[in-house]
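My notes are in the order I looked things up.

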Amino acid sequence: MKKFIAKLLIGDVVEKHEVDAPFDDVIKSLEKAVANNKFGIQAVHDLKDTYMKKHLALDPDFEYKIVQICNAPKSHKALQDMSYDMGIMMPKSVIVARENGKTTLRFMKMKPWMVSMMFPELNVAPLSKHVTEIMTKIVKETIEGVKK
């Protein structure tokens, strides 16, 4: 019941796409799409590497990277003009993983009204909508890039 109510109220918070392409090709295509949209890659967290260093068991096909991206001028403006609290929404993450022989891309797709409720004193809905549109565009361009 809780899952049904959450789905009804919130919808899908994680947007997931599957592509039939090699993991490394998807990462390269993501790098291009990020740059094309005037974002930069701030960090890449390679969970395969992290887990291997901790001697944790992994499936042979396991790949999982969290790619953190940021548009410095826009994040600077949000911090300076809105609130330092906006930093909890930064940087944005795109997850690239291998699942069942396919490569997947995910990102958090928060609804503008949800972000507005997090920051009721700020008018963040337009910014939230814009960022979600850019994240969607980056993932779409990534998928198009590996299909060529």
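**Entry 1: ground rules.** I am working with a predicted model, where local features need pLDDT of at least 70 and side-chain atom pairs count only at pLDDT 80 or more, while totals for chains, interfaces and linings use all residues. Residues are numbered from 1 along each chain as its sequence is written, and side-chain values use heavy atoms, with hydrogens and water left out.

**Entry 2: the fold.** I looked up the secondary structure and got six helices and five strands. These are DSSP runs numbered from the N terminus, with helices being H or I of at least four residues and strands E of at least two. Along the sequence I read α-β-α-β-α-β-α-β-β-α-α. The C-alpha trace spans about 50 × 40 × 35 Å along its principal axes.

Entry 3: How many cavities of 30 Å³ or more does the structure hold? I found two. For the record, the search runs on a 1 Å grid over the protein atoms alone: a cavity is a set of points where a 1.4 Å probe fits but cannot get out, a pocket is an open set with protein on both sides within 12 Å along at least five of seven lines, and lining residues have an atom within 4 Å of a point. Grid points are joined across faces, edges and corners, and a volume is the space filled by probe spheres set on the points.

The largest cavity comes out at about 350 Å³. Its lining has 22 residues, and Met-89, Met-90, Lys-92, Leu-127 and Val-131 lie nearest the centre. I count β3 (64-70), α4, β5 (102-108) and α6 (125-147) as elements that each supply at least two lining residues, and α6 gives the most, with five. By class the lining is 16 nonpolar, four polar and two charged. Here Ala, Val, Leu, Ile, Met, Phe, Trp, Tyr, Cys and Pro are nonpolar, Asp, Glu, Lys and Arg are charged, and the others, Gly among them, are polar.

I also checked Ser-75, which sits in α4 (residues 72-81). Ser-75 counts as buried because its relative accessibility is 14%. Leaving out residues up to four places away in sequence, Ser-75 touches Cys-70 and Met-90.

**Entry 4: the second cavity.** This one has a volume of about 30 Å³. Ile-27, Leu-30, Glu-31, Ile-41, Val-44 and Val-67 line the second largest cavity. Two or more of these residues come from each of α2 (23-36) and β2 (40-46), and α2 gives the most, with three.

**Entry 5: helix α2.** I looked at α2 next: 14 residues, reaching 20 Å from first C-alpha to last, close to the 20 Å expected at 1.5 Å a residue. The expected span is 1.5 Å times one less than the number of residues. Which residues of α2 are buried? I noted Phe-23, Val-26, Ile-27, Ser-29, Leu-30, Ala-33 and Val-34. They lie on the same side of α2 because they cover an arc of only 165° around the axis, taken from the directions from the helix axis to the C-beta atoms. The face turned away from that buried side carries exposed Lys-28, Lys-32 and Asn-36. Cover for the buried residues includes β1 (14-19), β2, β3, β4 (92-99), β5 and α6.

Entry 6: The largest pocket holds about 180 Å³ of space. α2 and α6 are the elements giving two or more residues to its lining, with α2 giving the most, six. The lining has two nonpolar, three polar and six charged residues.

One of the lining residues is Asn-36, which is exposed at a relative accessible area of 59%. Asn-36 and Ile-138 are 102 residues apart in sequence but 8.3 Å apart C-alpha to C-alpha. Ile-138 is one of the buried residues of α6.

Terms used: Buried means under 20% relative accessible area, exposed over 50%, partly exposed in between (1.4 Å probe, protein chains only). Contact means heavy atoms within 4.5 Å.
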